[in-house]
Amino acid sequence: MAVSNIVCEWLRALGLGQYAESFLDNGYDDLEICKQVGDPDLDAIGVQNPAHRSKLLKSVRLLREKGAASVYFQLNDPKSLLSDNSDSLERDSSPLMLSELEALLQEQLKADGVCLTAHPYSTPVSTTHCHK
């Protein structure tokens with residue numbers, strides 16, 4: 001069964017695509033839910049390899065800290081998901097560079113037709129709409 005959604009893509013980018021079906025079977029079918037993954041969840045999902053567990057827990061921590069937009073952006077550059085320099089952006093960037101990055105991210109999301117304020121990226125709010 002070839003299933004593809006943002007969680008599957010995230011796991012594939014981490015090099016852990018073999019867990020995608022198990023994540024989905026256990027109800028982890030969107031990134032907001034994946035933010036809650038911890039050791040007991042990894043047991044239920046069947047992730048036994050300590051290196052895989054560590055990589056997943058680190059990525060979940062980054063997902064909580066940086067949000068779904070960061071994962072979407074990183075999927076366009078999978079090497080960034082595998083890097084151990086997760087704090088390098090904060091350490092090496094001036095406020096100007098961060099605002100340029102934010103503008104670039106917004107531009108790319110708009111070009112791809114992705115609206116982070118709409119389902120499946122967030123809980124719908126009655127007055128929130130994206131403009132194309």
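What is the mean pLDDT of the protein, and what share of its residues reach 70 or more? This is a predicted model, in which I take local features only at pLDDT of at least 70 and side-chain atom pairs only at pLDDT 80 or more, while totals for chains, interfaces and linings use all residues. I number residues from 1 along each chain as its sequence is written, and side-chain values use heavy atoms, without hydrogens and water.

Confidence. The mean pLDDT (the predictor's confidence in each residue, from 0 to 100) is 75, and 64% of the residues reach 70 or more. I compared the elements, with helices taken as DSSP runs of H or I of at least four residues, numbered from the N terminus. Over residues 84-93 pLDDT stays under 50, and the model has eight contacts (heavy atoms within 4.5 Å) for them beyond four places in sequence.

Cysteines. I searched the whole structure for disulfides (cysteine sulfur pairs within 2.5 Å) and found zero. C8 counts as buried (under 20% relative accessible area, with exposed over 50% and partly exposed in between; 1.4 Å probe, protein chains only) because its relative accessibility is 1%. C34 is at 0%, so C34 counts as buried.

E65. I found E65 in helix α5 (residues 50-66). Its relative accessibility is 52%, so E65 counts as exposed. E65 and K35 are 30 residues apart in sequence, and their C-alpha atoms are 9.3 Å apart in space.

Methods: Helix = DSSP H or I, 4+ residues; strand = E, 2+ residues; numbered from the N terminus.
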